[in-house]
Amino acid sequence: MGPLIPNGIIPEDWNYIIAILIGFAFGYILEASGFSSSRKLAGQFYGYDFAVLKVFFTSAVVAVIGLYYMDYLNFLDISMLFVQPTYLWAAIIGGMIMGVGFLAGGFCPGTSLCAVAIGKIDGIVFTIGLVIGIFIFSESFSALEPLFESSNLGNITLVDTLGVSPYWIIFIFTIIALIAFVFSDWVRSKVKKVFY
Amino acid sequence: MSKKYKLKRLLVRRYQILAAILFILAAGLVLLPKYKKNEGIAPDLFVKNIISSERYISTDLLADRLVNQDPTVLLIDTRSEKEFNDYALPNAVNIPLKDLLNENFDGYINQDVYDVILYSNENFYADQAWIISNRLGYQNLYVLKGGLNEWFNTIINPKMPEETEPKEAFDLYSFRKAAGMYFGVGIVKSEVKKEIKKKKPTRKVITVKKKKKRVPEGGC
């Protein structure tokens, strides 16, 4: 049956409308989880708040378990889902830049827009910086292009790389998530409480 | 009171309960009995394809395409090799039904360049071949409706329409007749009688003209 749009159950034209609706829901969840506060986000790195880790890890685990149950029950063909291609070195370097920006600015791109939506000044400043960064990247793209397009490993997943059944990977991933939750709670109990 | 207290105690442990649910669901995926998923296209699409009458091509249409030398037609004979050698449509490829999934023949059926037209004596073999191939998601497959029997009844040996039938029937009849001639039947060899007339040698009469007397043309 699924995916609904590629199989023509929902017309292709609805794609953007559904994307906007999902975007609203995503923004609402971000705001409801308190992600429009840069202190909460930075708390992840200082060890006094692990909401980011918990929310994103939980959503990933719930999504992957749900998708594979739907695949098992034939509601969805998992092989038809799009897998983002892996550009190894671009991802590593980009991830490091993103991490530094996240820590220094206190937002990631999505949450900064969330903060703009509720009128936070630091969020607005961060978003202006984001746009400047996009501008610099676009202007220097010809210099960065070799890195941007090199080491393309294709649409690979852990299932292809490790050759293990996806169900085992999900199970291990879930256990890692649960351990991470317990561990983050333990770290938080050791770190001095910050009120913000 | 005690009910409220119970709920409170439960809520204190809500994270543990949620974590346990997550764990059980993830373990469920590992422990669920695995089954082999159907290969090929989805069952509902498959049924839709089977019901569709578009999978048939009529003998008249096929004859028309063959006469016009349509390069996209690929005929596949699903009968046995012996039957194929006895009679086959022009330029057909013989892939007996039992060898359909043979790797050597995969290139003929699993492609998207030609319109593959399957035929057998009747619909049966061709239909079976069509169903197997379509299930595997192969494209552009058709079945010759009625197979070779229909081919004989319409193209090779068409039935003369009744006098009262409409003009279209006669047009179709003449088309079939002409197509049949294209495929090498129904050509009446009319004996051409050549009469060679023997020419009688005629006597040549050579007349010798008498020199006319010159009229004096005058002197110097």
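Predicted model: local features only at pLDDT ≥ 70, side-chain atom pairs only at ≥ 80, totals over all residues.
## Chain A overall

Chain A is built from nine helices and has zero strands.

The chain has 196 residues, and 26% of them count as buried. Its accessible surface is about 12,700 Å², and carbon and sulfur atoms account for 73% of that area. Contacts in chain A between residues at least 6 apart in sequence were also sorted by separation: 65% of them join residues at least 24 apart.

## Cysteines without a disulfide

A search of the whole structure, over all chains, finds zero disulfides. A disulfide is a covalent bond between the sulfur atoms of two cysteines. For A:Cys108, the closest cysteine sulfur is in A:Cys114, 9.1 Å away, which is too far for a bond. The cut-off used here is 2.5 Å between the two sulfur atoms.

A:Cys114 is likewise in no disulfide, its nearest cysteine sulfur being that of A:Cys108. A:Cys108 counts as buried because its relative accessibility is 14%, and A:Cys114 counts as buried because its value is 10%. The cut-off for buried is under 20% relative accessible area.

## The sheet of chain B

Chain B holds an open sheet of five strands in the order β1-β5-β4-β2-β3, with parallel pairing. Its edge strands are β1 (56-57) and β3 (93-94) of chain B, each of which pairs on one side only. Strands of a sheet pair through backbone hydrogen bonds, either parallel or antiparallel.

One of the pairs joins β4 (residues 115-119) and β5 (residues 141-144) of chain B, in the parallel sense and over three bridges. Within β5(B), B:Val143 is the bridge partner of B:Leu118.

## Helices on the sheet

Helix α7 (residues 124-135) of chain B packs on the sheet and touches β1, β4 and β5 of chain B. The direction of α7 makes about 170 degrees with that of β5(B).

Helix α4 (residues 59-67) of chain B lies across β1, β2 (73-77), β4 and β5 of chain B. This helix runs at about 125 degrees to β2(B).

## Two loop residues with positive phi

Most residues other than glycine have a negative phi. B:Gln69 is not a glycine, yet has a positive phi of about 55 degrees. B:Gln69 sits in the loop between α4 and β2 of chain B. With a relative accessible area of 60%, B:Gln69 is exposed.

B:Asn140 also has a positive phi of about 55 degrees although it is not a glycine. The loop that holds B:Asn140 lies between α7 and β5 of chain B. B:Asn140 counts as partly exposed, at 27% relative accessibility.

Helix α2 (residues 14-31) of chain B has 18 residues. From its first C-alpha to its last, α2 reaches 25 Å, close to the 26 Å expected at 1.5 Å a residue.

The buried residues in α2(B) include B:Leu22, B:Ala26, B:Ala27, B:Gly28, B:Leu29 and B:Val30. An α-helix has 3.6 residues a turn, so residues three or four places apart point the same way.

Terms used: Residues numbered from 1 in each chain as written. Chains lettered and ligands numbered in written order. Heavy atoms only, no water. Buried < 20%, exposed > 50% of the residue type's maximum accessible area, 1.4 Å probe, protein only. Pairing = 2+ DSSP bridges. Helix = DSSP H or I, 4+ residues; strand = E, 2+ residues; numbered from the N terminus. Contact = heavy atoms within 4.5 Å. Axes fitted to C-alpha atoms, helices over the stretch in contact; angles between N-to-C directions. Expected span 1.5 Å × (residues − 1). Areas by Shrake-Rupley, 256 points an atom, 1.4 Å probe, with all protein chains shown as cover.
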